Amino acid sequence: MVGPKSMTYPSIKETHYPALHKRRVVFVVPHGAGSNDFLRHFPELPADPQLQNVWPLFLSYLEIERDAGATEIAHAAAAKLAAHYAITALVVELNYPRGLVDGGRLRDHALRHCLPEPLATGLQKKMLDVHETSLLYMDRLYESMAHDHASFLIDVHTMASFCPVDATGQKKTFPVSFDRLQEYIDQYLHAHRYRCQRKIDLICSDEQGRKLADTMLLATLTDSLREASYEYLENEPYHAAPMYLSYQHMQKVPSISLDVPKHLVMFGNAADHVLDQLKIDPAAIDRLAATLARGIANAFARKPFFKRPDHP
């Protein structure tokens with residue numbers, strides 16, 4: 001889907017995987033987009049003198065912040081649901097770089113503080129307008145899902161394979177700023193030294209530990225991951241805080257969020273990965289996608305959905 005005018009930035013990409021079954025899965029990928037389209041659309045960014053002075057570093061930052069592999073996971077799982085389980089699927093990609101505008105957050109928390117202050121101030125409204133388009137899209141998506149016979153939403157992320165730590169050895173990250181861009185990147189590039197390797201995170205609860213995810217979907221995905229020998233945790237390192245769209249998704253529709261360590265879908269060993277130069281492993285994507293599709297299909301099979309007269 002693109003905006004109504006040619007000059008409007010296309011915030012959303014939709015891909016449909018049709019099938020005979022009326023049941024539907026929507027995969028939302030908020031952080032999978034690269035930066036090339038966005039940088040072309042906003043020439044103020046590459047033209048800024050302060051940013052030009054650190055341009056290679058800035059591009060590395062944008063790539064590190066990208067959920068590399070998340071888009072491929074979503075498309076592969078959607079294709080398998082349609083082909084092997086006759087379940088219709090839709091992949092929704094937010095088409096702007098998370099390092100600049102976080103499509104997985106609500107409006108007041110979306111802008112990242114990675115730009116020189118004058119440039120950030122000048123672009124604030126334009127970038128928030130891009131984000132607002134996706135928020136309005138999500139509202140329409142929730143409404144359409146409310147009319148579905150049965151549907152699930154899967155919020156798909158990938159993350160760095162190791163947790164950064166602070167000077168005391170505690171797991172901790174500090175927020176990005178233009179003045180500390182190199183330090184921000186280094187905390188991820190050097191995190192493998194501390195060996196706090198992450199597992200798949202099934203994000204299903206808020207910060208108080210209250211379960212928000214669909215209980216059947218959580219149970220069947222857990223079973224499927226365990227059967228395939230994937231290691232996973234719930235809400236570690238992330239939970240569904242109210243500022244995240246994952247929280248809103250789970251409040252509005254039957255859904256769950258998952259965050260996959262990048263080493264599970266990339267070539268090479270996790271400790272050797274250079275986070276801005278990762279290469280996707282198609283076989284690893286396929287194996288994980290098959291596992292997720294099986295878990296999602298089992299949730300449909302086991303959950304007693306309400307049958308309306310127009311959906312026998």
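1. C204 is buried, at a relative accessible area of 0%; buried means under 20% relative accessible area, exposed over 50%, and partly exposed in between, with a 1.4 Å probe and protein chains only. The closest cysteine sulfur to that of C204 belongs to C163 and is 17 Å away, too far for a bond.

2. This is a predicted model, in which local features need pLDDT of at least 70 and side-chain atom pairs count only at pLDDT 80 or more, while totals for chains, interfaces and linings use all residues. Residues are numbered from 1 along each chain as its sequence is written, and side-chain values use heavy atoms, with hydrogens and water left out.

3. On disulfides: a disulfide is a covalent bond between the sulfur atoms of two cysteines. Here the term is applied to a pair of cysteine sulfur atoms within 2.5 Å, and the count by this rule is zero. C114 is also a buried residue, with a relative accessible area of 0%.

4. P49 is exposed, its relative accessible area being 58%. P49 sits in helix 3, which covers residues 49–52; helices (H or I, at least four residues) are DSSP runs numbered from the N terminus, as are strands (E, at least two).

5. On confidence: the average pLDDT (the predictor's confidence in each residue, from 0 to 100) is 93 for the protein, and 95% of the residues score at least 70. Residues 1–6 stay under 50, and the model has seven contacts (heavy atoms within 4.5 Å) for them beyond four places in sequence. Residues 306–312 also stay under 50 in pLDDT, with seven such contacts.
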